Every structure is written in structure tokens, then in C-alpha cells.
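Let's take a friendly walk through this model together. Have the sequence and the 3D view open as you read.

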Amino acid sequence: MNDTVTDENRYAVELREEDEAPGWRVAIVDDAGVTVFERACHDHTEARAYASTVRQHIYWLSPERFREYYRL
């Protein structure tokens, strides 16, 4: 499963279900499609909650502040 949301600062959030091991990952992807940050999550609920927070930051923060906050 891959849910992608892109906002004005051109970063996207992807939820990725692990095929080989149970669990989920949340990835931040830049405008070139490169994964610049990834976090493992225990389950789909945790992944969705974390992805929601990142989406809010994408919307609220300037690209510069977003990169600083996530150390990209």
C-alpha cells in the first residue's frame, strides 16, 4: 500500500507496508522522488498518525524550516 500526499513545499509523505517483516514505514520524499527520511512504525495506526503529523508540518512550515525540523 502506498498513500502519497504532496503539498506546496514539494515534499511528500508515503506510508509503506513492509513485505518481508511485519510493520510499516513512513517516508518523506523530495520533489525528485528521493526518500530523504524514513521512520519505522509498529503498525498501520501508528504510521497513519505519524504521517498525519508530517503532512501538517509540510503544510504549515516553510521548506527551509521543514528541512531544519527533520534534519534533511
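## Strands and their pairing

Two strands count as paired if DSSP finds at least two bridges between them. Keep in mind as you look around that this is a predicted model.

With that in hand, turn to strand 2 (residues 12-17) and strand 3 (residues 24-29), which pair in the antiparallel sense over six bridges. One place to look is Glu14, whose bridge partner in strand 3 is Ala27. The hairpin made by strand 2 and strand 3 has six residues between the strands, and there Gly23 adopts a positive phi near 135°.

## The chain as a whole

Stepping back, the chain holds two helices and four strands. Read from the N terminus on, the order of elements is β-β-β-β-α-α.

Of the 72 residues in the chain, 29% are buried. As for contacts with a separation of 6 or more, 28% of them involve residues 24 or more positions apart.

## The nonpolar core

In soluble globular proteins, nonpolar side chains tend to be buried together. Which residues touch the most other members of the largest nonpolar core here? They are Val26, Val54 and Phe66, in a core of 14 residues. Strand 2, strand 3, helix 1 (44-60) and helix 2 (63-70) each contribute at least two residues to this core. Helix 1 gives the most, with five residues.

Leaving aside residues up to four places away in sequence, Val54 touches Val13, Ile28, Phe66 and Tyr70.

Is Glu14 buried or exposed? Glu14 sits in strand 2, and its relative accessible area is 14%. Buried means under 20% relative accessible area, so Glu14 counts as buried. The side chain of Glu14 also makes a polar contact of 2.6 Å with the side chain of Arg16.

Now try Thr45, which lies in helix 1. The cut-off for exposed is over 50%, and Thr45 has 61% relative accessibility, so Thr45 is classed as exposed. From C-alpha to C-alpha, Thr45 and Trp24 are 9.3 Å apart in space, while 21 residues apart in sequence.

Technical notes:
Residues numbered from 1 in each chain as written. Predicted model: local features only at pLDDT ≥ 70, side-chain atom pairs only at ≥ 80, totals over all residues. Heavy atoms only, no water. Buried < 20%, exposed > 50% of the residue type's maximum accessible area, 1.4 Å probe, protein only. Contact = heavy atoms within 4.5 Å. Core = buried A, V, L, I, M, F, W, Y, C linked by side-chain atoms within 4.5 Å. Polar contact = N/O pair within 3.5 Å; in protein donor to acceptor, adjacent residues only side chain to side chain.
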